[in-house]
Amino acid sequence: MHDIKAIRENTEAYEAAWSAKGRSGAASEAVKLDAQLRAAQTALQEAQAKRNESSKLIGAAKAKKDEAEAARLMAEVEALKGRMAEASEEEGIVGAKLKDLLASLPNIPAAEVPEGEDEAGNVEQRRWGDRSKLPAGRLNAPKDHVDLGAALGGMDFEAAARMSGARFVVLKKEIARLERALGQFMLDLQTVEHGYTEISPPVLVKDEALFGTGQLPKFAEDLFRTTGDHWLIPTAEVSLTNIVREQVTGEEELPLRLTALTHCFRSEAGASGRDTRGMIRQHQFQKVELVSITTPDQSEAEHERMVECAEAVLKKLELEFRTMLLCKGDMGFGARKTYDLEVWLPSQATFREISSCSNCGDFQARRMDARFKKAGEKGTHYVHTLNGSGLAVGRTLVAVLENYQDEGGRIHIPAVLQPYMGGLTHIGGAA
């Protein structure tokens, strides 16, 4: 939840920030509701104080046998009870409206985030790799992953559709093994070389967990809900970040760096008509997630480090990519600053997102009540939370298949993956 005191004291700054994310007038509305809430609270407190005072005077009037005064005071107390009930009801109604409004408002962009309404406003930071050095770089008409997978007998969308519907796939044989190899390689890289702690978290969570990381209430339609009181996670960010919910962590334990390889589930309710072909946008996919829990003074440096950890996956796979700083209008709900990694896909002749790394500041921590304590101090402070993909396994599989295809339709296995593939150097032909 946002700090209403900060909004009161910096209304214009919040107004400008939320206007850039499509919520014009939200700060003024929050301040108005806050004023109404405080007025109701003041009225309730004053009525309670007057009732208590009058109640004491009733006893004194009766002791003096002044029945007329006692009757007047009792009537006054009854009237004050009615006034208290009205003020209490007003407090509850306005308080709920303010809470709902604050819960619906996105994070405030960092000062260095560029202006812009959509992806056209994103700013390229750097580029790495040379697509011409990969096998597909020598082809005039590289095939897409769907055709490659079908020709190799390792990708079956029809079987998946018969059992599950659209936006699912059945992977087989060496392509299924390649997907497994990618996930294990990414997990080993992030734990062994980058110091992340491996976690095996639940993929079913309650409302409170999704509220904490910002998916609820705004994005309920993008999620899958069970018949009980659980949701399937859209990303392991939810499970990993909520490990510190309602906890006070010692400053000396920070930063916490956590990673997990999990299945993720998304309804893609807002993606109708986009990427309907292939594995780019599916209801179920695997992803290696990175989460960091830090102190406020560490979070900026930790963000840059996280991006480098995600970039390292693509560098070791020798895939060309670019790193983009997202503009205000293209950032996610909970982010204050986001970098996207976009990998080159030969069949589309363009870069496509494969990782998104965000610094959320204390936005999620306030919703989860996640704090840290400095040694020797009595008070606590909100932690900062960061999350990123390291990487999306399915999209990485797509990038490997397309970039490492040769003129004969074989897939060259990147050198870093060959140990995970039992020494196999190609899919679809002899070594």
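How many aromatic pairs does the structure hold? The structure holds six, where the rings of Phe, Tyr and Trp (its six-membered ring) count as a pair if their centres lie within 6.5 Å. Planes under 30 degrees apart make a pair stacked, planes over 60 degrees make it edge-to-face, and the rest are tilted. The model is predicted, so local features need pLDDT of at least 70 and side-chain atom pairs count only at pLDDT 80 or more, while totals for chains, interfaces and linings use all residues. Residues are numbered from 1 along each chain as its sequence is written, and side-chain values use heavy atoms, with hydrogens and water left out.

One of the pairs brings together W128 and F321: their ring centres are 5.9 Å apart and their planes stand at 25 degrees, so the pair is stacked. W128 belongs to strand β1 (residues 123-128) and F321 to strand β11, so the contact ties together parts that are 193 residues apart in sequence. Helices and strands here are DSSP runs numbered from the N terminus, with at least four residues (H or I) for a helix and at least two (E) for a strand.

F219 is partly exposed at 25%, while F333 is buried at 11%. Together with F363, these two residues form one aromatic cluster.

Strand β14 (residues 371-373) runs antiparallel to β15 and is joined to it by two bridges; two strands pair if DSSP finds at least two bridges between them.

These strands are part of an open sheet of three, with the order β8-β14-β15 and mixed pairing. Its edge strands, β8 (248-250) and β15 (381-382), each pair on one side only. As background, strands of a sheet pair through backbone hydrogen bonds, either parallel or antiparallel. Elsewhere, strand β4 (residues 197-198) pairs with strand β9 (residues 256-265) in the parallel sense over two bridges, and E198 stands opposite T259 in β9. β9 also pairs with β10, in the antiparallel sense and over ten bridges. Across that pairing, C264 has F285 in β10 as its bridge partner.

Is C264 buried or exposed? At 1% relative accessibility, C264 counts as buried. The structure holds zero disulfides, a disulfide being a pair of cysteine sulfur atoms within 2.5 Å. For C264, the nearest cysteine sulfur is that of C357, 14 Å away. The sulfur of C357 has its closest cysteine sulfur in C309, at 8.8 Å, which is too far for a bond. C357 is buried as well, at 0% relative accessibility.

Finally, the nonpolar interior can be described. A nonpolar core is a set of buried Ala, Val, Leu, Ile, Met, Phe, Trp, Tyr and Cys residues joined through side-chain atoms within 4.5 Å. The largest has 49 residues, among which L178 and L319 touch the most other members. Elements giving two or more residues to this core include β10 (284-294), α10 (299-316), β13 (350-359) and α12 (393-403). Helix α7 gives the most, with eight residues. Leaving aside residues up to four places away in sequence, L178 touches L397, V400, L401, I413, L417, M421 and I427, contact meaning heavy atoms within 4.5 Å. A second, separate core of 22 residues includes L216, A236, I293 and A365.

Key:
Buried means under 20% relative accessible area, exposed over 50%, partly exposed in between (1.4 Å probe, protein chains only).
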